Amino acid sequence: MNPFQISTRLDGVGFSDIVTIRNRVMELRAAGKPVFEFQGGEPFMPSPEPVKEQMIKALREDRTRYAPSSGIAELRGALVEKLKNKNQINIEERDVIVTNGGTQALYVAFQTMLNPHDQALLFSPYWTPIADMVRGCEAVPVLVSTREARTNGFAATLENHLSDKTKLIYFNTPQNPSGVVFTQAEAEAVADFARRHNLLVIADEAYEDLIYDEPHFSIASLPDMRERTITTFTFSKSYSMTGYRIGYAVAPEAFMSGLQRLTLYSTNGVSTATQYAALAALQLPASYLEESRMAYRVRRDLLVGGLNEIGFPCDMPRGAFYAFPDVSRINRDSRQAFQILLDRAQVASVAGNIFGAQGESHVRMSYSLPLETIEAGLESLQRKL
Ligand code: PLP
């Protein structure tokens, strides 16, 4: 036995391709080349002033000691209200846990629900870290084409991927990278399938506030779904708080002790001052989210309109802040297309097949950018490709 070998549990776990892209962009910049950076995944605005002020105040007032590892009571109380009013998920304080971003919420959710060899159904294209999180449980991600489900029906499509090892469905809406928003009828179809086959659900609602055409709908609000669903949320996207690292999960009693133990032994909770900052975010007037949604909508319309005009067909994303154009006219291999866009037009994106085979022939471009950058990037694409 060689003791200097990493645990076999990590055998299938990759390291984000997106980091590789970021490094390539940094190289180009270091070489003095301008790059239009559409590859990112975070809000372009600074975090709100009251959030920053509340964090500074917490530090000044020496609220710097250990907090309960599942979160401070004030924040959990405010989350209970938010979840009741906004998500129609009726819970009590003991059903919600504060985590280091949506990422940790998802990590502890998968670790709690999956055993080795279990299978998890992921609608694809999907947010890349999810497959790695599933593999990190020594379980198996099984990709289900979102397009196929929307065309042929959810039950029939999911049925094709069902086995006696299927344990759960990962249900992300609005979706990264496609901007797809599942309708209430689609959520009902998935919930019905989960109930019928006794499956669990991990619902990822990171972009719940970045939704343009309809109200957000939480699958856990459907009858009998609370007991079989862990829903994860984050402050990152709604409130431009990516660097604070704070999110939360709602889980039924059967799973909450798993989330609590994993959080306790991995991070022992979120920094105390950050939790007060999150509380301030929840207390912002509703107009804050409305205004930021409008700012994203203008950017979405500009980028998607421009891409379609230039000849990169792109469905209108109904949520999140990504466009997912078809770039097959440059190259059907999305990694090649990504390289060509970068080398010829200095437009950085993310190759679509990183998000699963169903993302092939596409790239992901964020429109969470200053309007001038979107305009300049489009102009460069128009001129050089
Ligand atoms: N879920 C999705 C679909 C995401 O795109 C992200 C971030 O990009 C997250 C969850 C987690 O975000 P964070 O860890 O910043 O809360």
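**The sheet and its helices**

Tutor: Strand E3 (residues 119-124) and strand E5 (residues 166-172) run parallel and are joined by four bridges, two strands being counted as a pair if DSSP finds at least two bridges between them. Within this pairing, glutamine 119 stands opposite threonine 166 in E5. The names come from DSSP runs numbered from the N terminus, helices (H or I) having at least four residues and strands (E) at least two. The model is predicted, so local features need pLDDT of at least 70 and side-chain atom pairs count only at pLDDT 80 or more, while totals for chains, interfaces and linings use all residues. Residues are numbered from 1 along each chain as its sequence is written, and side-chain values use heavy atoms, with hydrogens and water left out.

E3 and E5 belong to an open sheet of seven strands with mixed pairing, whose order is E2-E8-E7-E6-E5-E3-E4. Because E2 and strand E4 (140-145) each have a single partner strand, they stand at the edges, and one side of each is left without a neighbour in the sheet. From one strand to the next, the twist averages 20°; axes here are lines fitted to C-alpha atoms, for helices over the stretch in contact, and angles run from 0 to 180 degrees between N-to-C directions.

Two helices lie across part of this sheet. Helix H9 (residues 253-266) lies across E2, E6, E7 and E8 at about 25° to E2, whereas H3 lies across E2, E7 and E8 and runs at about 115° to E2. The 15 residues of H3 (residues 73-87) should span 21 Å at 1.5 Å a residue, and its end C-alpha atoms are 20 Å apart, which agrees; the expected span is 1.5 Å times one less than the number of residues.

Leu75, Arg76, Leu79, Val80, Lys82, Leu83 and Asn87 of H3 are buried, a word that means under 20% relative accessible area, with exposed meaning over 50% and partly exposed in between (1.4 Å probe, protein chains only). Their cover includes strand E2 (96-99), strand E7 (229-234), strand E8 (247-250) and helix H10 (272-282), where contact means heavy atoms within 4.5 Å. Just after H3, glutamine 88 takes a positive phi of about 55°.

Serine 218 sits in the loop between strand E6 (200-204) and E7, and it counts as buried because its relative accessible area is 2%.

H10, part of the cover over H3, is itself mostly covered, with 10 of its 11 residues buried. What covers the buried residues of H10 includes H2, H3 and E2. Helix H2 (residues 49-60) packs against H10 at an angle of about 145°, their axes being 8 Å apart. Pro50, Val51, Gln54, Met55, Ala58 and Leu59 in H2 meet Ala273, Thr274, Tyr276, Ala277, Ala280 and Ala281 in H10. The residues of this contact comprise 10 nonpolar, two polar and no charged, with Ala, Val, Leu, Ile, Met, Phe, Trp, Tyr, Cys and Pro counted as nonpolar, Asp, Glu, Lys and Arg as charged, and the others, Gly among them, as polar.
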